[in-house]
Amino acid sequence: MMLRKTLLALPLLAAACGTSPFTPPADTAALPRDAIVGAGDPSRSAIISTSAALGRQQRLDPAGAARTIAQMEFLAVDLPQNVTLYNASSTLEPQFRAARREWRSALDIAPDAPAQPVINALYSAGRALDAGQRDAAAAALPPTLFRQGGAATLARLAALPPLPQSASAAATAQQALQTSQPSKIL
């Protein structure tokens, strides 16, 4: 009898805590170790890298484009949950949603693909491209995620068009990062 009452109370307790046992978990993502440059903060590293890469007017090489898009995927998932950027513009999250649609369309990434497999595939492809292994890079981009397949995705990375919404989102994140840092007292 006590067990039954306890089991019946669990949904009420979960609702009182603001979560439901039937609510799917939020999408999470992490960058590989070789993605984090500098102090080791993946968000800070990705913000600085993507803002610099997308802010330039020159075309990215395919390996650089793969890493940049992987970092943007990470940021799209990380920033809404990141408390470090307390001064972030209220437009940052909607900007990243629009930017994510933009870069996913440019590479024909499945709209419902979870971020982590996309990140892993893009970093694997970037590493293979850096090593001169084009076939391995294409094999790292499965058609379950990259709907045109690996070879076509590599061609798209090599001819990545300007991504204005992505560049704007990265610049807004960079600005939030700069304004979120505590000022130094000399």
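Which residues of helix 5 are buried? The legends below take up this point among others.

**Figure 1. Overview of the predicted chain.** This is a predicted model, in which local features need pLDDT of at least 70, side-chain atom pairs count only at pLDDT 80 or more, and totals for chains, interfaces and linings use all residues. Residues are numbered from 1 along each chain as its sequence is written, and side-chain values use heavy atoms, with hydrogens and water left out. The chain has 8 helices and 0 strands. Its pattern along the sequence is α-α-α-α-α-α-α-α. Helices (H or I, at least four residues) and strands (E, at least two) are DSSP runs, numbered from the N terminus. Of the 186 residues, 41% count as buried. Buried means under 20% relative accessible area, exposed over 50%, and partly exposed in between, with a 1.4 Å probe and protein chains only. The accessible surface comes to about 10600 Å². Carbon and sulfur atoms hold 59% of that surface. Areas come from the Shrake-Rupley method with a 1.4 Å probe; for residues, only the protein chains shown count as cover. Among contacts with a separation of 6 or more, 73% join residues 24 or more positions apart. Contact means heavy atoms within 4.5 Å.

**Figure 2. Helix 5 and its packing partners.** Helix 5 covers residues 115–130. Its buried residues are A115, V118, I119, A121, L122, Y123, A125, G126, A128 and L129. These buried residues pack against helix 3 (62–78), helix 4 (92–107), helix 6 (134–139) and helix 7 (150–158). At 1.5 Å a residue, the 16 residues of helix 5 should span 22 Å, and its end C-alpha atoms are 22 Å apart, which agrees. The expected span is 1.5 Å times one less than the number of residues. Just after the helix, G132 takes a positive phi of about 75 degrees.

**Figure 3. Helix 2 against helix 3.** Helix 2 (residues 42–55) packs on helix 3 at an angle of about 130 degrees. Their axes lie 9 Å apart. Axes are lines fitted to C-alpha atoms, for helices over the stretch in contact, and angles run from 0 to 180 degrees between N-to-C directions. The two helices are therefore oblique to each other. Angles under 35 degrees count as roughly parallel, over 145 as roughly antiparallel, 65 to 115 as roughly perpendicular and the rest as oblique. The crossing is left-handed, meaning that the near helix is turned anticlockwise from the far one by less than a right angle. From helix 2, P42, S43, A46, I47, S49, T50, A53 and L54 take part. They meet T68, Q71, M72, F74, L75 and D78 in helix 3.

Figure 4. The buried residues of helix 4 are L92, Q95, F96, A98, A99, R100, E102, W103, R104, A106 and L107. Its 16 residues should span 22 Å at 1.5 Å a residue, and the end C-alpha atoms are 22 Å apart, which agrees. R100 touches D27, E73, A76, V77 and A115, not counting residues up to four places away in sequence. R100 and E73 are 27 residues apart along the chain. Their C-alpha atoms are separated by 7.1 Å.

Figure 5. D108 sits in the loop between helix 4 and helix 5. Its phi is near 55 degrees, a positive value in a residue other than glycine. D108 is buried, with a relative accessible area of 12%.

**Figure 6. Q174 in helix 8.** Helix 8 (residues 164–180) holds Q174. At 17% relative accessibility, Q174 counts as buried. Leaving aside neighbours within four places in sequence, Q174 is in contact with I47, I48 and S51.
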